[in-house]
Amino acid sequence: TLARKGRTTMFISKANLAVAAAASSDLTRFATGSVLIEADGKTVATDGHILAMVGGLPANTSAPAMAVPFEPCLIPARAALDLGKQIRKPFTTAEIAVPESNLNGSIIVQTNGTATHTVAKDQNATADRFPDYAAVIPSGDAVWSAGFKVQQLAQALGIAKDAGLKFVRIAALDEHQPIKLTGTNADGQAVLLLVMPYPMTPEQE
């Protein structure tokens, strides 16, 4: 038998596993309660209201090529979050043993250079049962877009939540002016927050 030529492992990062926070908590919705791992290491999760996607690491598509392609699969969201916690500094990625993971009901993952984890795949749904996420991603030219610091957006939304808002309307005039977040809480109080745009470099986009 000829020996396999090429890599036999695929890299996955903490960022890839972080998408699990967007998965559904409804235990009856099997596919959306899991994280989809694509052949290039891209991961996707959605609960039907929020969708989170993180692309595969460049190392997964660089030379040398994979000896065998990774077969897309679903892993439960809780397992993905737990696996992410196992990747500790100075490491930021883990390695999936591709041939072994393709052959059974689990993926075999090595973290921190030495520790091996067996993560059971979703036993109730296969990758082809995951929603067609590409169909819902908006395409075409954006009407308006601007860059923002994640920390500042999170801070503004945190204030909105603490002020009693369950919903918020976002409005903007152009990419140079602040976005306006408004809403009214249960006590009838109007809440307004402004977040200034931030210039992004091509590498950040």
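Residues are numbered from 1 along each chain as its sequence is written, and side-chain values use heavy atoms, with hydrogens and water left out. Because the model is predicted, local features need pLDDT of at least 70 and side-chain atom pairs count only at pLDDT 80 or more, while totals for chains, interfaces and linings use all residues.

The protein has 4 helices and 11 strands; helices (H or I, at least four residues) and strands (E, at least two) are DSSP runs, numbered from the N terminus. Its C-alpha trace spans about 70 × 40 × 35 Å along the principal axes. The accessible surface comes to about 13000 Å², and 56% of that belongs to carbon and sulfur atoms; accessible areas come from the Shrake-Rupley method with a 1.4 Å probe, and for residues only the protein chains shown count as cover. Of the 205 residues, 33% count as buried. Buried means under 20% relative accessible area, exposed means over 50%, and partly exposed lies in between (1.4 Å probe, protein chains only). Among contacts (heavy atoms within 4.5 Å) with a separation of 6 or more, residues 24 or more positions apart account for 61%.

In soluble globular proteins, nonpolar side chains tend to be buried together.

Apart from its neighbours within four places in sequence, Ile 96 is in contact with Thr 8, Thr 9, Met 10, Ile 12, Phe 70, Ser 101, Ile 107, Ile 108 and Val 109.

Aromatic rings come next. A pair of aromatic rings is described by the distance of the centres and the angle of the planes. Rings of Phe, Tyr and Trp (its six-membered ring) pair if their centres lie within 6.5 Å; planes under 30 degrees apart count as stacked, over 60 as edge-to-face and the rest as tilted. The whole structure holds 2 aromatic pairs. Phe 130 and Tyr 133 form an edge-to-face pair, 6.5 Å centre to centre with 70° between the planes, and both residues are buried. Trp 144 and Phe 148 form a tilted pair, 6.3 Å centre to centre with 45° between the planes. Trp 144 counts as partly exposed because its relative accessibility is 31%, whereas Phe 148, at 16%, counts as buried.

Val 136 sits in the loop between β8 (115-120) and α4 (150-162), and it is exposed, with a relative accessible area of 61%.

The count of salt bridges (a side-chain nitrogen of Lys or Arg within 4 Å of a carboxyl oxygen of Asp or Glu) comes to 1. It joins Asp 82 and Arg 78, whose closest N and O atoms are 3.8 Å apart. Both residues lie in helix α2, 4 residues apart, about one turn of the helix. Asp 82 is partly exposed at 33% relative accessible area, and Arg 78 is exposed at 52%.

Ser 25, in the loop between α1 (14-18) and β2, is exposed at 71% relative accessibility. Ser 25 and Ala 77 are 52 residues apart in sequence, yet 8.8 Å apart in space, C-alpha to C-alpha.

Two backbone details remain. Most residues other than glycine have a negative phi, and most peptide bonds are trans. The peptide bond from Lys 89 to Pro 90 is cis, with omega near 5°, and Pro 90 lies in the loop between α2 and β6. Asn 112 is not a glycine, but has a positive phi of about 55°. Asn 112 lies in the loop between β7 and β8 and is buried, with a relative accessible area of 19%.
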